[in-house]
Amino acid sequence: MSRKTLLNSKDIEIILHRLACQLIENHNDFKNTVLIGLQPRGSFLANRLAHLLKTEYNIKNLELGLLDITFYRDDFRRKETPLAASSTEMNFLIEDKKVVIIDDVLFSGRSIRAALTAIQSYGRPKNIELLVLIDRRFSRHLPIQPNYRGRQVDAINEEKVLVTWNETHKKDAVYIEQK
């Protein structure tokens with residue numbers, strides 16, 4: 001299995017600042033906006049962005065939730081081994097709020113479809129946007145596109161995009177692996 005580095009730690013830091021600035025342009029003080037990271041992998045990106053917005057850009061009262069979509073996935077019962085659920089941490093309702101769903105990699109769009117279904121349990125949002133670190137643009141199974149993307153990657157289906165975070169792998173990086 002060969003591995004190629006797409007983004008290193010410095011690249012990711014630059015992208016995170018750009019994404020934070022784009023969010024500020026569209027949501028100003030985040031008064032009526034919530035960020036929701038998809039468990040498990042989108043939560044690392046969501047936590048990083050929330051920290052950056054609070055500490056570097058002085059955004060006060062930022063609401064961040066973490067949403068588990070395990071039981072909403074269309075492949076939930078198709079795996080030989082059961083999927084392990086993560087915890088949902090959303091201490092707010094999203095009724096009439098602007099929601100930004102955050103995930104690490106947009107591949108087929110099925111995780112986002114599951115998130116759109118799961119999020120309905122928390123109210124009816126004013127609108128929903130999607131932010132991803134990596135957009136695999138030629139791999140969609142559903143008509144879902146991100147509003148914010150860190151990097152667009154043209155990877156064939158036999159290739160896997162792997163995002164590692166300092167919190168889990170002791171290194172921020174994005175790799176593309178040949179299967």
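Predicted model: local features only at pLDDT ≥ 70, side-chain atom pairs only at ≥ 80, totals over all residues.
Q: In what order do the helices and strands of the protein run from the N terminus on?
A: The secondary structure comes to four helices and eight strands. Reading from the N terminus, the order of these elements is β-α-β-α-β-β-α-β-β-β-α-β.

Q: What radius of gyration does the protein have?
A: The C-alpha trace spans about 45 × 40 × 30 Å along its principal axes. A compact globule with 179 residues would have a radius of gyration near 16 Å. The protein agrees with that, as its own value is 16 Å.

Q: What share of the contacts with a separation of 6 or more is made by residues 24 or more positions apart?
A: Contact here means heavy atoms within 4.5 Å. Of the contacts with a separation of 6 or more, the share from residues 24 or more positions apart is 69%.

Q: Which elements do the buried residues of H2 pack against?
A: Helix H2 covers residues 41-55 and reaches 22 Å from its first C-alpha to its last, close to the 21 Å expected. Its buried residues include Gly-42, Leu-45, Ala-46, Leu-49 and Leu-53. An α-helix has 3.6 residues a turn, so residues three or four places apart point the same way. The partners that the buried residues of H2 pack against are helix H1, strands S2, S3, S4 and S5, and helix H4.

Q: Is Ser-139 buried or exposed?
A: Ser-139 sits in the loop between strand S5 (127-136) and strand S6 (148-153). Leaving out residues up to four places away in sequence, Ser-139 touches Phe-107, Ser-108, Ala-155 and Asn-157. The cut-off for a buried residue is under 20% relative accessible area. Since Ser-139 has 4% relative accessibility, it counts as buried.

Q: What is the relative accessible area of Leu-6?
A: Leu-6 has its place in strand S1, residues 3-7. Beyond residues up to four places away in sequence, Leu-6 touches Asp-11, Arg-151, Val-153, Val-174, Tyr-175 and Ile-176. Leu-6 is partly exposed, and its relative accessible area is 22%.

Q: How far apart in space are Leu-6 and Ile-119?
A: In sequence, Leu-6 and Ile-119 are 113 residues apart. In space, going from C-alpha to C-alpha, their separation is 31 Å.

Note on methods. Residues numbered from 1 in each chain as written. Heavy atoms only, no water. Helix = DSSP H or I, 4+ residues; strand = E, 2+ residues; numbered from the N terminus. Rg over C-alpha atoms; globule rule 2.2 N^0.38 Å. Buried < 20%, exposed > 50% of the residue type's maximum accessible area, 1.4 Å probe, protein only. Expected span 1.5 Å × (residues − 1).
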